[in-house]
Amino acid sequence: MSFLITVIYIVAGICFIMGLKYLGKTHTARKGNLVSAFGMFLAVVGTALKIYQIHGGSIGFGNFQYILIGMVLGTIVGIPAARMVKMTAMPEMVALFNGFGGIASLLVGWSEIYSHGGGIAAWAATADNLTLSTIYLAVLIGGVTFTGSIIAWAKLAEKISSKPFLYGGQNLVNAAVVLVAVAAGVIFVADPGNQPMFWIGTVLALVIGVAAVIPIGGADMPVVISLLNSYSGLAACAAGFAVGNTLLITTGALVGASGIILTNIMCKAMNRSLANVLFSGFGAAGGSTHAASKEQGEAKPMTPEDAYYILENAQSVVFIPGYGMAVAQAQHAVKEFADMLERNGCEVRYAVHPVAGRMPGHMNVLLAEANVPYDQLVEMDDINPIMDQQDVAIVIGANDVVNPDAREDEHSSIYGMPIINADYARTCFVLKRSMASGFAGIQNPLFFKDNAYMIFGDAKKTMEALIAEFKEAVAA
């Protein structure tokens, strides 16, 4: 039985590794999701067999009742949630999933201490320092992940303001709380019978999660979600050491490492350090006052009917999606319009910025939902060198990721951030509801460029209007 369980765990671990590999590329992402799901199924089967082995090979409802109840409840909640969640709400859902992973690790650590019949004092006398340390780490990191993810969810869902919440000496206060939590952990490991230290650490972990995320602005939420995902993996890894489960250790380490790598990639995409994201309160001052004082010029509005004449003659069009496309649920209309352009002899591409949207890969998920061909998706570094050769760039709800101030204004809060050079195209259409700034809270001079035209209104309705123009022309 032990050999079979080991084999199942190894296969499950391989599935997780291959799943991550497949998820790294858009054209294999769906396969990666399925492979990872199968790996999780094997992990559940292996755990059930382990429980069967622990109980001497006897199967009774009492041995599995809580697992079965958990599986039923998880299925009842999970399937409707996955099917019914709107694509605009996907970032919030990911944030909640991270939080649930964190609280699960916290509860595993808590149960490992308090589930022993002989009491904590008797159990602590036989527990080694490594076990005690990993239990405390599972609780500490899990608590931080849980409350931090709840705050991230609330900011993304606009339950609370997405702006940074700052006060004087905030970083010093946060550092002091972290030091107290660490000190409580050291005391607990040295004297496991000192239960108040364990509870102090638990409460402080929950406080740290709130204190760490509340000063971070909405523009940085993609990085925060990625980092919290890494935290949930590290918490699971610590819980795996605490309960002696090698598969949990492996999968937690994979999630933790991949989350850190993704966080680093996204920080580079914004030309900022992780410390700057976590501690700078980006966006609190409302962006660059220098930019606000500059003479911007006058935006040039255009109707879909007029835009049609330019697009009808275009030989190359680049769509640059942003959160506005998610809000308008315009991805299917965009795909339909792109198909019309292709039938008209136009080359179509989709340029996706690494931090477009509200979570890592948000735009890729939306475009995949609309069945956009993977080979039409291009990364920022690939499209920028040829952007000046594109007849039309269509910016759909994106703002900060196409803001030329990142290249041109040294006083701008986003200066140095790599952007998609939409203003280099021969003609640029910007689809927005208004002239409002993006999450960074600064004005976008792209709107006033000589080759840029604003098409105001809901992005989906604008796309449908362009589709209607093409259909009318074909019918005529």
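Predicted model: local features only at pLDDT ≥ 70, side-chain atom pairs only at ≥ 80, totals over all residues.
Helices, as I use the word here, are DSSP runs of H or I with at least four residues, and they are numbered from the N terminus.

**Entry 1: the whole chain**

I began with an overview and found 19 helices and six strands in the protein chain. I then looked up how much of the chain is covered, and buried residues make up 47% of its 476 residues. For the surface, I noted that the chain exposes about 22100 Å², with carbon and sulfur atoms supplying 64% of that area. Turning to contacts with a separation of 6 or more, I found that residues 24 or more positions apart account for 77% of them.

**Entry 2: two loop residues**

I looked next at backbone angles, and I wrote down Gln329, which has a positive phi of about 55° although it is not a glycine. Gln329 is found in the loop between α14, residues 323-328, and α15, residues 331-343. Its relative accessibility is 31%, so I count Gln329 as partly exposed, given that this class lies between the limits of 20% and 50%.

I located Glu158 in the loop between α6 (129-156) and α7 (170-190). Is Glu158 buried or exposed? With a relative accessibility of 64%, Glu158 counts as exposed, because the cut-off for that class is over 50%.

**Entry 3: helix α19**

I checked the length of α19, which runs over residues 459-475, against what its 17 residues should give: at 1.5 Å a residue the helix should span 24 Å, and its end C-alpha atoms are 24 Å apart, so the two agree.

Which residues of α19 are buried? I listed Ala459, Thr462, Met463, Leu466, Ile467, Glu469 and Phe470. These residues cover an arc of only 155° around the axis, and therefore they sit on the same side of α19. On the other side of the helix I found Lys461, Glu472 and Ala475, which are exposed. At the start of α19, I also noted that a side-chain oxygen of Asp458 comes to within 3.0 Å of the backbone nitrogen of Lys460.

**Entry 4: aromatic rings**

For the rings of Phe, Tyr and Trp, I took centres within 6.5 Å as a pair, and the count came to twelve aromatic pairs. One of them is formed by Phe198 and Trp199, an edge-to-face pair with 5.8 Å centre to centre and 80° between the planes. Phe198 counts as buried at 1% relative accessibility, whereas Trp199, with a relative accessible area of 39%, is partly exposed.

I then looked up Phe319 and Tyr350, which form a stacked pair, with 5.4 Å centre to centre and 20° between the planes. Phe319 lies in strand β1 (residues 316-321) and Tyr350 in strand β2 (residues 347-352), so this pair ties together parts that are 31 residues apart in sequence. For Phe319 I noted 1% relative accessibility, and this residue counts as buried; Tyr350 is buried too, with a relative accessible area of 1%.

Conventions. Residues numbered from 1 in each chain as written. Heavy atoms only, no water. Buried < 20%, exposed > 50% of the residue type's maximum accessible area, 1.4 Å probe, protein only. Contact = heavy atoms within 4.5 Å. Areas by Shrake-Rupley, 256 points an atom, 1.4 Å probe, with all protein chains shown as cover. Expected span 1.5 Å × (residues − 1). Arc of directions from axis to C-beta. Polar contact = N/O pair within 3.5 Å; in protein donor to acceptor, adjacent residues only side chain to side chain. Phe/Tyr/Trp six-rings, centres within 6.5 Å; stacked < 30°, edge-to-face > 60°.
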